[in-house]
Amino acid sequence: LVIILLAAAPIQAQDADDTPVAFGQVISGTFNNRTPRAIYYFDGLRCEAISVRLRATSGNLDPILTILDNTGTAIATRDDTAGSLEAHIDLLRLPTAGRYYIVAGRFGYGLGSTAGNYELVIERIGNGSLSGCALRYGDTAFYRINNDEPEIFYTFQAQAGDIVNV
């Protein structure tokens, strides 16, 4: 835990070395003594559900994965389990809209001893339907309006000139 906190602590603002990642994009790379970790970022919406997978594809790499919010607070972390070569966050609901950071690396980061190639994939699973959740174009939200809850609010981002059907 201390190693994770030390490795993640300086991630408070976008660093010149951070790399953007898009949903569905497969990123390949190598972790070794010169590059024990990599930092990627994505912009997420409140209530959005995501999945992140870091998989070793060669060598003896022992992968570890941490998701940070825009303040540098760890909101999820996974190590490979049961001898697998994959660190996988199956489902994470984002608490707020904003920039999120993926810290991918080898166990122990700079103090670690494993090395190898990896693949990183982030997938958008969907969105929430609760009031206040943010939606993207094409999302569907299911909710029941009744006497106890007579209204519900959602947010979305649009550009000037967008035509929106609700």
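# Salt Bridges and Nonpolar Cores

Trainee: How many salt bridges does a search of the whole structure find?

Mentor: The search returns three salt bridges, a salt bridge being a side-chain nitrogen of Lys or Arg within 4 Å of a carboxyl oxygen of Asp or Glu. This is a predicted model, in which local features need pLDDT of at least 70 and side-chain atom pairs count only at pLDDT 80 or more, whereas totals for chains, interfaces and linings use all residues. Residues are numbered from 1 along each chain as its sequence is written, and side-chain values use heavy atoms, leaving out hydrogens and water.

Trainee: Which residue forms a salt bridge with Arg 99?

Mentor: Its partner is Asp 43, with the closest N and O atoms 2.9 Å apart. Arg 99 belongs to strand β8 and Asp 43 to strand β3, so this pair links distant parts of the chain, 56 residues apart. Strands are DSSP runs of E, at least two residues long, numbered from the N terminus.

Trainee: And Glu 48, which side chain does it meet in a salt bridge?

Mentor: Glu 48 meets Arg 124, at 2.3 Å from N to O. Because Glu 48 sits in the loop between β3 and β4 while Arg 124 is in strand β9, the pair ties together parts 76 residues apart in sequence.

Trainee: Is Glu 48 buried or exposed?

Mentor: Glu 48 counts as buried, at 1% relative accessibility. Buried means under 20% relative accessible area, exposed means over 50%, and partly exposed lies in between (1.4 Å probe, protein chains only). Arg 124 counts as partly exposed, at 25%.

Trainee: What about Glu 119, which side chain does it meet?

Mentor: Glu 119 and Arg 55 form a salt bridge at 2.8 Å, N to O. Glu 119 is in strand β9 and Arg 55 in strand β4, 64 residues apart.

Trainee: Changing topic, how many residues has the largest nonpolar core?

Mentor: That core has 24 residues, and Ile 102 and Leu 120 have the most contacts inside it. A nonpolar core is a set of buried Ala, Val, Leu, Ile, Met, Phe, Trp, Tyr and Cys residues joined through side-chain atoms within 4.5 Å.

Trainee: Which strand gives the largest share of this core?

Mentor: Strand β4 does, with four residues.

Trainee: What does Ile 102 touch?

Mentor: Leaving aside residues up to four places away in sequence, the residues it touches include Val 21, Phe 42, Val 52, Leu 65 and Leu 120; contact means heavy atoms within 4.5 Å. Apart from this core lies another, of seven residues, including Ile 39 and Tyr 101.
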